[in-house]
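Visitor: Before we go through the terms one by one, could you show me what we are looking at?
Guide: Here are the sequence and the structure, and the questions follow below.

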Amino acid sequence: MKFLHIVWKNLMRKKIRTIFTLLSIFVAFLLFGYLMAVRTAFGMGVDLAGADRLMVLNKISLIMPMPRNYMGKVQAIEGVKAVTHANWFGGYYQETKNQFANMAVEPASWLAMYPEFVVAEDQKKAWLADRQGAVVGVDTMKRFGWKVGDRIPLQATIFRRPDRSAWEFNISGTYDSPIKGTDKTQLFFHYEYLNEAVRSSGFSDQIGWLVIKVDDPAHSPDVAKKVDALFANSQTETKTDSEKNFVAGWAKQIGNISLITQLIAAAAIFMMLLVTANTMAQSIRERTSELAVLKTLGFGDGRVLSMVLMESCVLALVGGLSGLGLAWVLVTVGGDPTGSFLPTFYLPLELVAVGVVMVIALGFASGAVPAWQAGRLRIVDALRRN
Amino acid sequence: MLSQIIAVSSVNLRSIRQRLGSSVVAIVGIAGVVIVFLGVLSIGEGFKAAMSSVGDPRTIIVMRAGSDTEMTSGLSGDAARIIMDTPGIERTERGPVASPELFVIVAHPTRKDTSDANVPLRGVSPEALGVRPEVKIVEGRMFTPGTSEIVVGRAASRQFAGLTVGSSVRWGKNNWQVVGIFEAHGNAAESEIWTDARVLQPAYQRGNSYQSVYVRLPSEDSFQAFKDALTANPQISVTAIREPEYFAAQSEVLHQIITTIGFLIAGLMGIGAVFGAVNTMYTAVSTRTREIATLRALGFGSFPVVFSVLSESAFLSLVGGLIGGIAAWAAFDGYQTSTMNFQSFSQIAFAFAVTPRLLMIALIYSLVMGLVGGMLPAIRAARLPVVTALREL
């Protein structure tokens, strides 16, 4: 470490070159960090899916409903700890571009099913008591500038009120989540409110899907089979799968974003490896005689090698860590680049750690060849070269 | 002056071979950027082509007022009848060229793995081909009305399992026989599966209702008159939109996501590449400091020197751009994939498209990267005092 000063002087010898090398490494890791956030967003929070939850959908497709009484029938199955249900409402606020996730649910069982949605106790009470009440995620509250107590209209796309008017909801409360990456854009309201209004259209007591909590995740496949068997050959057959598989399937339908982002990140880092290695090689070549003098003074091969390696590692660390840092700031402060379509846009800590490992790897890889050359330099040859 | 420029530049370009290592780095760097740039943008281009290439302005989609996608629209059988009877629709001896349709999705496994995807399933009426002149049955035959036969779009047949002529699939309680494959100039319809609307209605418990009516107009200009006639009718409350505009609106969200993120990535990569190019050119210039100084001592002006450095970096970046373009074209063009359209939750198949326009943009982009990257080193080379430079090294 006492040679850090020499390393620093060497780096500062050609400031412009050092700065541009730093900048290319910086950009590569900025890109890496940002891409990892994109990848996480398109993973749709599959890592957060509850291991003990199952989704029950209509077998034909998710747009087909199922009778509400399925809930009671499922409740009776052994291994089922709790059940709740939901309908995709598909409403938008004022303009069609303001679409967000809103669902009609059974409030008490819904909140019990999803402990990650945290609602203040008094707001929860207010919601349960108000049939037109709704609970909204903090991200959507911020997006539209809503406040608790507001009465807001939503235009319906699927379920229309008999008089064609907008649906109005009282915001009883908000939910937040201590778990990073939880979707905080949704709006939940009373299924009863929906059911009552659409009764005249013949669509009453129909639900979109069921969510089951099993007593033990190990029983999940077994319970799923029992549910599907119960409704086999009925008017409405079901398809039950773990929440994780459901989310993963959903993400897969968007396409292999994960692979694409990894390829791009790999390309960017490989390019920077080339550039840095080239710069290092060039700067060592220029200093051949100096290195020979160092060796003459008694610096061992290993010491010279490690000094060159240190130089490339310092470059990589300064450039790479600041790039990762800016990526983190951009993702955290700037948020979703598309406005509102990627609710789980964040940079997980473990991917930051992967980035740091790559930074160090880049430092060693780009310095390896020049360091090796410098280490095995023969003093006589080197001094004669010029 | 001109002869100086030519002389210095040609010396420069010919001596690239001596500096092969760092030149290769520059070329590979630029090629890498171009590959990523084209890869990302070809997704957007291909998607755009699938969503909008051949929507026909004479084809009109009529939906329930307030609906912006067929998925959430709903029209009673009576309303559909009234829409079809509206004056202004093209007519043949069979009646108005209009097709009331149902648009639903069905869970069906993809070819790649067995996981289910949301495949769009469309129930159409006999005039479906009349309102969509671009659709042609290319294999097998059209379904027979009243039976549970289906025809499958070319892209859907490629993307999803077991959808070839002669096979049969089971969805819910019904068995369906695949009897034909159709093409539609590569547009979104090719991601769909078609069957008789009247067969689909009971299968999806839709009674006698539809979701949209596709209508063919005699000319493009008659749209306003037709729209007015619809609005004037108090029995129905509907909205009418031209097919190209409908397609464009359908893909808006996804297109926005692809282009925002695509340009962000391509932009960042570009900035990184400029830094890389600057470095490479700096290295190239500094190894030749003495050479350049000698030229200047011989009486070559500074402009030819600047020009020669710039031309070298432009040459290297163009080579890189070309290599990257060819590699991207070979790797991505025509690559079949599918994604989910957020507005209807259904799958849409499309192919990556590395178009000549994109290739052009990529070449210009690489040239700009090269010029920007060469600028600083070139100025430095020209401004170096001859005496100092000769003494260097």
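**Terms and values in chains A and B**

Guide: Of the 393 residues of chain B, 51% count as buried, and the model they belong to is a predicted one.

Visitor: What makes a residue of chain B count as buried?
Guide: The criterion is that 20 or more other C-beta atoms lie within 10 Å of its own, and 51% of the 393 residues of chain B count as buried.

Visitor: Which residues are in contact between chain B and chain A, and what makes them count?
Guide: With contact taken as C-beta atoms within 7 Å, 45 residues of chain B are in contact with 42 residues of chain A. On the side of chain B that touches chain A, H9(B) supplies the largest share, 18 residues, and the residues of that side divide into 24 nonpolar, 19 polar and two charged.

Visitor: Why are an angle and a distance given for helices H1(A) and H12(A)?
Guide: Two packed helices are described by the angle between their axes and the distance between the axes. The axes of H1(A) and H12(A) come within 10 Å and cross at roughly 65°, and H1(A) passes H12(A) in a right-handed crossing. The residues making this contact include A:Ile6 and A:Leu11 of H1(A) and A:Met307 and A:Val314 of H12(A).

Definitions and conventions. Residues are numbered from 1 along each chain as its sequence is written. Chains are lettered from A and ligands numbered from 1 in the order in which they are written. This is a predicted model: local features need pLDDT of at least 70, side-chain atom pairs count only at pLDDT 80 or more; totals for chains, interfaces and linings use all residues. A residue is buried if 20 or more other C-beta atoms lie within 10 Å of its own, exposed if 12 or fewer, and partly exposed in between; C-beta atoms are placed from the backbone. Two residues are in contact if their C-beta atoms, placed from the backbone, lie within 7 Å. Helices (H or I, at least four residues) and strands (E, at least two) are DSSP runs, numbered from the N terminus. Ala, Val, Leu, Ile, Met, Phe, Trp, Tyr, Cys and Pro count as nonpolar, Asp, Glu, Lys and Arg as charged, and the others, Gly among them, as polar. Axes are lines fitted to C-alpha atoms, for helices over the stretch in contact, and angles run from 0 to 180 degrees between N-to-C directions. A crossing is left-handed if the near helix is turned anticlockwise from the far one by less than a right angle, and right-handed if clockwise.
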